[in-house]
Amino acid sequence: MGSSQQTDDGVGNNHGSEALGMQTFVAAWIRQAVEEMNISAKSGAISLSPLKRFQRKIESLANAELSKENRFVIFLLSSLIQDLFYNFSGDVPYSRRAEEEKQRMFAGVVDDLNRFAFALESGDSQAKLFASTELVNTYLSGVKVVDAVLTKEED
Amino acid sequence: MDRKSVAMYNPLDPIEREMCHDIARSCLKNSSYDLTSGGRGGDFFDIDEYTSSKSPGAENGQSAAEKARKVADLCAKKIDELKSNGTEIDRLAFTERDSGPVGMITYKDLIETVANMETCIIRPRKRLLRSALKGRPFNPGERVALISDVATSGDTIHEAAEKIWSLGAVVSCALVFYDRLEGAREYLSLYDIDLVPIFDRMNFEEENIIDPKDSQISNVVQLIGVGTTS
């Protein structure tokens, strides 16, 4: 990233202002997606399109020269969104209860994304780790619940 | 190369021999790539290349549709042989991965028509079990034959079989176009899955397509770059 203000720990971990600068951008994009998803929730169902637009934005950064931490943040978010779309878009069997659980999971993901945005802005590594762990956990726990509902209904 | 499967060597009839050469020329390439099992591969096999306009059959005026029909006919013939030998098959299953379709899925509808059998798609990487099956839900104990292009370690087939079992059906066998003879048969037999290849590496060696001494493929395209396959 070539900034004179950055502090590199010698193994490529950029803890400097540029790393934080980019994460502030990502945090702002997360907020925008969260806001749009919250607005869509008022009409009865959380729309995933803001998340797809957010994924495209962060993936456009993937070719830039990034610090290891920024790369990690982008990879984590992009992979999580990819997984979410792979498993929840398209021909997922419909049931009212599974749909309710799915929406509950989406709402949890939205809340956790918002917390992750705060953590990114704070620059606190522990907070970022905690927020990202919570985000992944909310998603995977939600998947488990939806899967159980669908499987039980089939039985 | 693991030769444990050589005892199962499968001789070819004249039509299969001709097709063996056509298929090898278009689908088999010297390469160096990562397998989905995590190992390394040297002979890349892509059944979709057979119907491409660059494949050898195109030179003698065969259309992609004619070649696709040959693939489907060969699969249907093998399925008929299996059924007449006592293997019970109610439905054919093709596999799709998160990284995209596994070879043979292109031929799904054609094989369904030619073999006159119902088909479905298994998506082993779906986190929701009910999304792992595209098609009508399985009847309890329904007997399914998995159809795939290549068998190497058997991992992809086993992964698909696990979803089929979880969905209440039974795996009758796994029919593959090409068995690399690298242990898939033995691995799958641990789970009572019978691996049935149309062609295997021994066929290609017998036909002088692959040199058994140095494992290099003769008279086929050099593949530039890397890919992944099963």
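1. In this predicted model, A:Ile58 sits in helix α2 (residues 49–59) of chain A. A:Ile58 counts as buried because 21 other C-beta atoms lie within 10 Å, and the cut-off for burial is 20 or more.

2. Leaving out residues up to four places away in sequence, the contacts of A:Ile58 are A:Val26, A:Trp29, A:Ile74, A:Leu77 and A:Ser78. As for A:Lys68, ten residues separate it from A:Ile58 in sequence, and the C-alpha to C-alpha separation is 15 Å.

3. Confidence in chain A: the average pLDDT is 87, with 86% of the residues scoring at least 70. Among the elements of this chain, the highest mean pLDDT, 96, belongs to helix α4 (residues 96–122), and the lowest, 88, to helix α1 (residues 17–41).

4. Residues 1–15 of chain A need a caveat, as pLDDT stays under 50 there. The model has 26 contacts beyond four places in sequence for this stretch. Where pLDDT is low, predicted coordinates should not be read in detail.

5. The largest nonpolar core comprises 53 residues. Those with the most contacts inside this core are B:Ala93, B:Leu146, B:Ile147, B:Ile164, B:Ala174 and B:Leu175. Strand β8 (residues 170–179) of chain B is the top contributor, giving seven residues.

6. B:Leu175, from that list, is in contact with B:Cys75, B:Lys78, B:Ile79, B:Ala145, B:Ile147 and B:Val196, when neighbours within four places in sequence are set aside.

7. There is also a second, separate core, made up of 33 residues. Among them are A:Val34, A:Leu113, A:Ala119 and A:Leu135.

Definitions and conventions:
Residues numbered from 1 in each chain as written. Chains lettered and ligands numbered in written order. Predicted model: local features only at pLDDT ≥ 70, side-chain atom pairs only at ≥ 80, totals over all residues. Core = buried A, V, L, I, M, F, W, Y, C linked by C-beta atoms within 7 Å. Buried ≥ 20, exposed ≤ 12 C-beta atoms within 10 Å, placed from the backbone. Helix = DSSP H or I, 4+ residues; strand = E, 2+ residues; numbered from the N terminus. Contact = placed C-beta atoms within 7 Å. pLDDT = per-residue confidence, 0-100.
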